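Please take a moment to look at the sequence and the structure shown here, and keep both in view while you read.

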Amino acid sequence: NQFLSLVETHIFTPSLLNTARASFSRTAYTLSDVYLLDLIGPQFSFRTGFPTGRFTPPGFSAFMPAQDLPEEYGIQNVYTLSDDLLYTYGKHSLKFGTLMNRYDEGIQQTRSRSGIVGFSNFNNFLQGITSSLEEETPGSDQNRFYTWNTFGFYAQDDWRVTPRLTFNLGLRYEFMTDIGEQHGRLAAFRNLLSDGTPTLGSI
């Protein structure tokens, strides 16, 4: 992981102070599975031509036989700009500011390449009665590069009414943009009650 932050604090007058920040952070992970055997065949494979996939007996950890899977990864870059202005006037301590973030997140998931089967209980596992199957369709591309932005703005007044009473008054507004994908690889169920398949397009 890498983190970088640049901060500039400027004193305009004894009552006016500004702090500006620019920062970048990168967090990343990679996951690889190592196997000793390669079990491929109609009696072993969940998906034709692929090694045995993953399955989890209820109450146990996942079992992952031999597979030749590309490594999974996730990388998130965050670019941040912020500014805070502090102004002291009489009994008032006024503060205004903004925080803006740009998120770039790249992921590759390969966990369902050979298929994943689930069981509703341990007895069904012993009898080979599955309750679910998850697998990629041929030609699937599991790489995604998501992007979105967040914005925050605020104004605050710490009003010292008396030496023993201070009001903290403020308002903050935050929002995020829709999540996009750099190559348009997005789909969603528009109506969970009626849609049999997802619709390609924005989530």
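The structure is a predicted model, in which local features need pLDDT of at least 70 and side-chain atom pairs count only at pLDDT 80 or more, while totals for chains, interfaces and linings use all residues. Residues are numbered from 1 along each chain as its sequence is written, and side-chain values use heavy atoms, with hydrogens and water left out.

We can begin with single residues in strands (strands are DSSP runs of E with at least two residues, numbered from the N terminus). Leu6 is found in strand S1, which covers residues 2-13, and Leu6 is exposed, with a relative accessible area of 55%. The word "exposed" is used here for a relative accessible area over 50%, "buried" for one under 20%, and "partly exposed" for values in between, with a 1.4 Å probe and protein chains only. Between Leu6 and Thr177, which are 171 residues apart along the chain, the C-alpha atoms are separated by 25 Å.

Strand S5 (residues 92-108) contains Glu105, and Gly97 also lies in strand S5. Glu105 has a relative accessibility of 24% and counts as partly exposed, whereas Gly97, with 15%, is buried. Each of these two residues can be related to another part of the chain: Glu105 and Val78 are 27 residues apart in sequence and 8.5 Å apart from C-alpha to C-alpha, and the C-alpha atoms of Gly97 and Arg172, 75 residues apart along the chain, are separated by 9.4 Å.

How many salt bridges does the count come to? The count comes to four salt bridges, a salt bridge being a side-chain nitrogen of Lys or Arg within 4 Å of a carboxyl oxygen of Asp or Glu. One of them joins Asp84 and Arg21, whose closest N and O atoms are 3.3 Å apart. This pair links distant parts of the chain, 63 residues apart, with Asp84 in strand S4 (residues 72-89) and Arg21 in strand S2 (residues 16-31). Asp84 counts as buried, since its relative accessibility is 18%, while Arg21 is partly exposed at 37%.

Asp141 and Arg185 also meet through their side chains in a salt bridge, with 3.2 Å from N to O. Here too the pair links distant parts of the chain, 44 residues apart: Asp141 is in the loop between strand S7 (132-134) and S8, and Arg185 is in the loop between strand S10 (180-181) and S11. Asp141 is partly exposed at 31% relative accessibility, and Arg185 is partly exposed at 30%. In a further salt bridge, the side chains of Arg172 and Glu174 meet at 2.5 Å, N to O, and Arg172 is partly exposed, with a relative accessible area of 43%.

On the surface, Trp159, Leu165, Phe167 and Leu169 form a nonpolar patch, with about 330 Å² of accessible area together. Patches are made of residues with over 30% relative accessible area and no salt bridge, where like charges are joined within 9 Å and nonpolar side chains (Val, Leu, Ile, Met, Phe, Trp, Tyr) within 5 Å; accessible areas come from the Shrake-Rupley method with a 1.4 Å probe, and for residues only the protein chains shown count as cover. Strand S9 (residues 165-176) gives the largest share of the patch, three residues. Leu169 has its place in strand S9 and is partly exposed at 42%, while Trp159 lies in strand S8 and is partly exposed at 31%. The C-alpha atoms of Trp159 and Leu169, 10 residues apart along the chain, are separated by 7.6 Å.

Finally, we come to the pockets. On a 1 Å grid over the protein atoms alone, a pocket is an open set of points where a 1.4 Å probe fits, with protein on both sides within 12 Å along at least five of seven lines, and lining residues have an atom within 4 Å of a point. The largest pocket holds about 310 Å³ of space, a volume being the space filled by probe spheres set on the grid points, which are joined across faces, edges and corners. Of the 12 residues that line the largest pocket, Ser112, Glu135, Glu136, Ser140 and Gln142 are the closest to its centre. The lining of the largest pocket divides into one nonpolar, five polar and six charged residues, where Ala, Val, Leu, Ile, Met, Phe, Trp, Tyr, Cys and Pro count as nonpolar, Asp, Glu, Lys and Arg as charged, and the others, Gly among them, as polar.

The second largest pocket has a volume of about 200 Å³, and its lining has seven nonpolar, one polar and two charged residues. Among the residues that line the second largest pocket are Arg144, Tyr146, Arg185 and Leu186, and strand S8 (143-162) and strand S11 (187-188) each supply at least two residues of this lining.

Conventions. Helix = DSSP H or I, 4+ residues; strand = E, 2+ residues; numbered from the N terminus.
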